[in-house]
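I opened this notebook to record what I looked up in one structure. The entries follow the order in which I consulted it.

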Amino acid sequence: MVNECYYNTYDRKERLHFDSKVVHGALGCDPMTGAVSFPIFQTATFRHRAFDISTGYDYSRLQNPTRQELERTMAILEGGMEGFAFSSGQAANMCVFGLLKKGDHVILSDDIYGGTYRICQDIFRNMDCEFTYLDMTDTARVEAAIRPATRMLFVETPTNPMMKVADIAALAEIAKRHEILLAVDNTFLSPYFQRPIQQGADIVVHSGTKYLCGHNDVIAGIVVTASRELAEHFRMQMKTRGNGLAPLDSWLVLRGIKTLSLRMERHDGNARKVAEWLSTHPKVKKVYYAGQGGMLSLEVDSVDTVRHLLSDVRMILFAESLGGTETLITYPLTQTHESIPSEVRERLGINERFVRISVGIENAEDIIADLAQALNMV
Ligand SMILES: *Cc1c(COP(=O)(O)O)cnc(C)c1O
């Protein structure tokens, strides 16, 4: 009975548009009861009815039905083979770098998320792994940096916080030719705008905390693999490190995903309007916007302007993180990129006059009015 329901609904959903897939997930409703909201299986362990008989669930560190629904939903949305839901984006990335063996080399984007930089520099470098950071929008430079020990390309696109856009298909082609892995951090655009596996990537990783959950109320991480072979690595990592996402948090992310399309459309529309307005403001020197999505960065004329912008916003919140319903303004220098060496930050342009905005889903006029009044305080 359970299997029949599963296969029927799964078949039908494969043909749906993305906007419908986000609503209906993998199983969608509970196969046993028909509950439209997928249940939160708040259990540590599962009863075996008899010797050698299992429901397929043993212990929630290994498998949990609510987490599995989220994992399968993400595999469907990214067009991958299998999904994994971790306790944070950091936990997910730890497992991506957990693929490395002693002596391996990785090429990464130069303006990478600060936490990812720490994973490489503070943990894996001590295990004799080597890392090269460069502008991965320059595919020729990426290919030139490949060595015999190179095992993986790790790209964030658009980058954080400079919004540089890399060519995933071109990087995938290089990775295939050199028989190395391509991992893409897809946090900034979400599968609504970008599906790296369909462009040839091997691994997609997300901070599920951001657009996937979308409500600034959960910390979560997602990995989707292109192959079953890679999935085995992540299954083993989750089982061994014990970093799977809890059932309630899995449910909250699933619930967030139902409105992913709606939210991304609104984030995108609002961000365009805000970017356009900012680019004409006399105190704004430069606006960085990737052309889609809800993230933008800007450089203003003085530290004084930054101080007012961060302190005098009323509706907009001065807080780190991104991708939620609320517009957040962040100061990368001290909040997200403090781990990056100052000379690297300076070269990238992350200076004391640089701020990042995660444009929320409020009315765009209110966001602009709030920025206007804070900028005019100076
Ligand atoms: C936030 C973020 C992470 C880390 O995710 P957490 O959920 O905070 O652990 C990784 N990559 C990017 C691009 C992020 O924005």
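Entry 1, conventions. I took helices (H or I, at least four residues) and strands (E, at least two) as DSSP runs, numbered from the N terminus. The model is predicted, so I noted that local features need pLDDT of at least 70, that side-chain atom pairs count only at pLDDT 80 or more, and that totals for chains, interfaces and linings use all residues. Residues are numbered from 1 along each chain as its sequence is written, and side-chain values use heavy atoms, with hydrogens and water left out.

I looked up Asp128 and placed it in the loop between α5 and β3 (130–134). Asp128 has a positive phi of about 65 degrees, although it is not a glycine. I then turned to the loop between β4 (150–156) and α7 (168–177), where Pro158 lies. Thr157 and Pro158 are joined by a cis peptide bond, with omega about -5 degrees. Pro161 also lies in the loop between β4 and α7. A cis peptide bond links Asn160 to Pro161, and its omega is about 10 degrees.

I noted that the axes of α4 (residues 89–97) and α5 (residues 114–124) come within 10 Å and cross at roughly 45 degrees. Axes are lines fitted to C-alpha atoms, for helices over the stretch in contact, and angles run from 0 to 180 degrees between N-to-C directions. The two helices α4 and α5 are therefore oblique to each other; angles under 35 degrees count as roughly parallel, over 145 as roughly antiparallel, 65 to 115 as roughly perpendicular and the rest as oblique. In α4, Gln90, Asn93, Met94 and Phe97 meet Gly115, Thr116, Ile119, Cys120, Ile123 and Phe124 of α5, contact meaning heavy atoms within 4.5 Å. By class, this contact of α4 with α5 has six nonpolar, four polar and no charged residues. Ala, Val, Leu, Ile, Met, Phe, Trp, Tyr, Cys and Pro count as nonpolar, Asp, Glu, Lys and Arg as charged, and the others, Gly among them, as polar.

I found that the axes of α12 (residues 303–312) and α14 (residues 364–375) come within 8 Å and cross at roughly 135 degrees. That makes α12 oblique to α14. The crossing of α12 and α14 is right-handed. Thr305, His308, Leu309 and Asp312 of α12 make the contact with Asp370, Leu371, Gln373, Ala374 and Leu375 of α14. I counted four nonpolar, three polar and two charged residues in the contact of α12 with α14.

On a 1 Å grid over the protein atoms alone, a cavity is a set of points where a 1.4 Å probe fits but cannot get out, and a pocket is an open set with protein on both sides within 12 Å along at least five of seven lines; lining residues have an atom within 4 Å of a point. Grid points are joined across faces, edges and corners, and a volume is the space filled by probe spheres set on the points. The largest pocket holds about 670 Å³ of space. Its lining has 30 residues, of which Arg72, Ala75, Met81, Glu82 and Gly83 lie nearest the centre. α3 gives the largest share of that lining, seven residues.

Technical notes. Left-handed = near helix turned anticlockwise from the far one by under 90°.
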